[in-house]
Amino acid sequence: MLGNFSYCNPTKLYFGKKSLNYLNDELSKYGKNVVLIYGGGSIKKNGIYDAVTALLKENGKNVTEISGVMPNPTVAKLHEGIQIARAHKADLLLAVGGGSVCDYSKAVSVSVHCEEEPWEKYFVRFEEPSCEIVPVGCVLTMVGTGSEMNAGAVISNLATQEKFAFHHSFPQFSILDPEATFSLPPFQVACGIADTFVHVMEQYLTVTGVSPLMDRWAEGILQTLIEIAPKIRANQHDYDQMANFMLCATMGLNGFIAMGVPQDWATHMIGHELTALHGVTHGQTLVVVLPALMSVMREQKKGKILQYGERVFGIREGSEDERIDRTIRATEEFFRSLGLATRLHELQIGQDTIDEIVRRFNERGSRLGEAGNITGDVTRRILELCK
């Protein structure tokens with residue numbers, strides 16, 4: 001049965017060629033003090049930095065910058081950003097970059113006017129914001145996280161080797177020009193495709209019979225990714241394919257396909273631990289975990305795996321067990337086709353890491369998955385299959 005839900009997504013999207021021009025319209029809505037937030041400097045090489053700063057200047061904004069936002073932004077970097085935004089009396093946080101920059105800006109946004117420690121309040125205790133939130137706008141230059149149109153943010157704590165998420169701050173607007181992604185490293189594009197694919201799977205691969213509409217919406221995104229991935233791998237400057245990818249990523253995690261349906265997210269929770277312990281790129285961790293999780297949870301997810309295999313990969317012949325096996329193999333083969341590793345040993349990750357993740361989940365009393373039955377012991381079975 002389709003569950004009850006409420007849905008509101010306040011983010012305004014500007015999508016397509018030259019969409020950065022719409023930044024003028026948005027800047028007029030906010031005060032003069034803007035904090036420009038970006039990562040390692042690639043935006044200075046591809047011209048986006050110059051274009052954004054020119055628009056800020058034309059609009060008479062008083063700008064300060066936070067640069068060097070790393071993949072998997074840290075608590076220490078978060079504290080730095082909070083202090084800069086406070087000192088600048090920020091009216092708008094303008095994130096220019098990929099998902100990590102967007103995530104980081106959201107984390108700063110809920111922390112500027114809050115005196116509590118943000119890591120404890122938002123990421124450990126998962127409390128709602130209790131203070132004014134500084135508006136965030138995004139100019140997206142990397143695809144996959146979906147952070148441009150959702151309230152989520154992920155922050156890493158190097159001291160505790162943990163990576164946790166919150167869901168408290170939507171961007172007010174996001175600007176998506178597929179041409180801004182042309183210069184991305186192929187590995188990052190591959191990880192973005194994988195991240196998008198698994199985002200959809202977390203909301204789809206649970207139980208059958210809940211919502212035919214949500215199922216087919218999810219399956220459409222999965223089919224599109226499978227169709228366009230080899231074309232993108234062959235020519236990353238193909239505007240049409242990168243535009244389709246960018247829209248898949250946004251639609252895959254803006255809440256649309258989650259309306260009224262159960263969700264899993266165990267693959268992400270396990271993947272976050274691999275990133276926290278070893279710094280492995282997020283999308284790369286997901287493709288290692290998902291096929292093994294499908295194998296371990298095959299009885300519980302049987303109906304949905306069969307549906308997914310038939311509708312997405314066209315697997316219709318053979319017994320149910322044979323079709324499930326073929327569907328899991330097809331999923332892993334798709335990830336392989338992206339040039340990504342699908343085994344822990346390929347990432348030089350061994351038994352000690354498995355033991356540590358299981359210890360953490362047992363200590364936290366973690367019960368993951370749509371049925372809340374992926375415990376530490378079940379996680380061990382999943383990770384043992386990932387070797």
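Visitor: How far apart are the end C-alpha atoms of helix α11?
Guide: They are 22 Å apart, which agrees with the 21 Å that its 15 residues (282-296) should span at 1.5 Å a residue. The expected span is 1.5 Å times one less than the number of residues, and helices are DSSP runs of H or I, at least four residues, numbered from the N terminus. This is a predicted model, with local features needing pLDDT of at least 70 and side-chain atom pairs pLDDT 80 or more, while totals for chains, interfaces and linings use all residues. Residues are numbered from 1 along each chain, and side-chain values use heavy atoms, without hydrogens or water.

Visitor: Where is the kink in α11?
Guide: At Val 289, shortly before the proline Pro 291, and the kink is about 25°. That bend is the angle between axes fitted to the seven residues ending there and the seven starting there.

Visitor: And how many residues of α11 are buried?
Guide: 14 of the 15, so α11 is largely enclosed by the rest of the structure. Buried means under 20% relative accessible area, exposed over 50%, partly exposed in between (1.4 Å probe, protein chains only).

Visitor: Switching to α4, which residues are buried there?
Guide: Val 75, Lys 77, Leu 78, Gly 81, Ile 82, Ala 85 and His 88. They cover an arc of only 150° around the axis, which puts them on the same side of α4. The arc is taken from the directions from the helix axis to the C-beta atoms.

Visitor: What's on the face turned away from that buried side?
Guide: The exposed residues Ala 76 and Ala 87.

Note on methods:
Helix = DSSP H or I, 4+ residues; strand = E, 2+ residues; numbered from the N terminus.
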